[in-house]
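Reader: I would like to go through the aromatic side chains of this model with you, one question at a time.

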Amino acid sequence: MLLAASIRFPHLGINIEKLPKSITVLGFEIAFYGIIIAIGMALAMTIIFKEVKRTGQSEDYYYDLAIFAIIFGIIGARMYYVIFEWEQYRHNLLSVFNIREGGLAIYGGLIAGTITTCVFCKIKKMSIPQVLDTIILGIIIGQILGRWGNFFNREAFGGFTDNLFAMQIRYDEVGGVISESLEKHIQIVDNAKYIQVHPTFLYESVWNLILFVVMMLMRKHKKFQGEIACIYLIGYGVGRFFIESLRTDQLTLWGTGIAVSQIVSGVIILIGVSFGGYELWKMKSGQQK
């Protein structure tokens with residue numbers, strides 16, 4: 001039996017004895033979260049440029065777009081987090097720029113990246129729906145891998161559960177929010193304290209992987225430009241809405257307790273359904289004429 005494991009999946013018989021959050025290279029500490037994000041970006045770019053080549057688009061435009069989208073995406077991810085956690089930063093404004101301490105929100109990055117993409121497409125006279133169909137395949141790959149950064153940080157988990165995938169995190173290594181409910185269900189294993197939680201990072205990563213497979217299968221059979229983006233908006237929105245309800249570290253709308261990500265999820269589902277429905281209606285109307 002491994003003693004005082006960092007993370008345990010008791011019902012699966014998995015014990016991870018030591019799980020560092022970072023490595024040191026030449027005296028510099030590098031977080032695994034950052035490494036995983038970097039790998040995710042590299043793989044995302046690989047997928048995107050394969051799709052660019054397959055569809056006969058200009059690679060040069062996408063190189064330029066990638067630079068702007070990544071920069072503004074990171075800024076947007078940080079701004080989104082800071083806005084809804086303002087009390088944490090209002091007395092120390094310089095800490096807003098310290099992203100090494102964490103605090104990036106996926107939806108903020110997606111919103112900023114989408115706006116950047118739309119502006120870029122308008123300037124370059126490119127088809128926004130076609131470009132979104134192309135880059136969304138890379139974005140979801142980045143999300144699939146990115147969630148494993150939360151695993152290394154022991155954060156973005158849900159409340160107490162005793163289901164098959166229940167995850168135990170050593171109490172003194174927790175990086176996320178320990179709710180009152182979790183405090184009431186402290187587990188003692190080999191004289192060490194653990195919280196037992198929903199591994200929501202795992203749920204979202206697996207959900208996104210399934211969504212990615214669907215999108216890859218559909219991309220050669222799409223009926224209109226923007227269809228793959230619609231599948232993403234609806235699929236990711238539905239999955240995130242339900243997974244978010246399990247988390248203990250939700251960003252909430254000021255003074256309401258309402259999870260902001262659930263509101264955004266509802267909005268992107270509506271956008272996906274509306275745009276997709278409109279395009280299908282146009283096709284049907286054209287066929288009838």
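Reader: Is Phe152 buried or exposed, and what is its relative accessible area?

Author: This is a predicted model, and the values here are computed from it. A residue counts as buried when its relative accessible area is under 20%. Phe152 falls under that cut-off and is therefore buried, with a relative accessible area of 18%.

Reader: Which kind of aromatic pair do Phe151 and Phe152 form?

Author: The ring centres of Phe151 and Phe152 are 5.8 Å apart, and their planes stand at 80° to each other. Planes over 60 degrees apart count as edge-to-face. Phe151 itself is buried, with a relative accessible area of 8%, and the pair it forms with Phe152 is edge-to-face.

Reader: How many aromatic pairs are there by this rule, and why is the pair of Phe32 and Phe152 stacked?

Author: Rings pair if their centres lie within 6.5 Å, and planes under 30 degrees apart count as stacked; by this rule the count comes to 13 aromatic pairs. The centres of Phe32 and Phe152 lie 4.9 Å apart, and the pair is stacked because the planes are at 25°.

Reader: How many residues apart are Phe32 and Phe152 in the chain?

Author: Phe32 belongs to helix 1 (residues 32-54), whereas Phe152 belongs to helix 5 (residues 128-153). The pair thus links distant parts of the chain, and the two residues are 120 residues apart.

Definitions and conventions: Residues are numbered from 1 along each chain as its sequence is written. This is a predicted model: local features need pLDDT of at least 70, side-chain atom pairs count only at pLDDT 80 or more; totals for chains, interfaces and linings use all residues. Side-chain values use heavy atoms; hydrogens and water are left out. Rings of Phe, Tyr and Trp (its six-membered ring) pair if their centres lie within 6.5 Å; planes under 30 degrees apart count as stacked, over 60 as edge-to-face and the rest as tilted. Helices (H or I, at least four residues) and strands (E, at least two) are DSSP runs, numbered from the N terminus. Buried means under 20% relative accessible area, exposed over 50%, partly exposed in between (1.4 Å probe, protein chains only).
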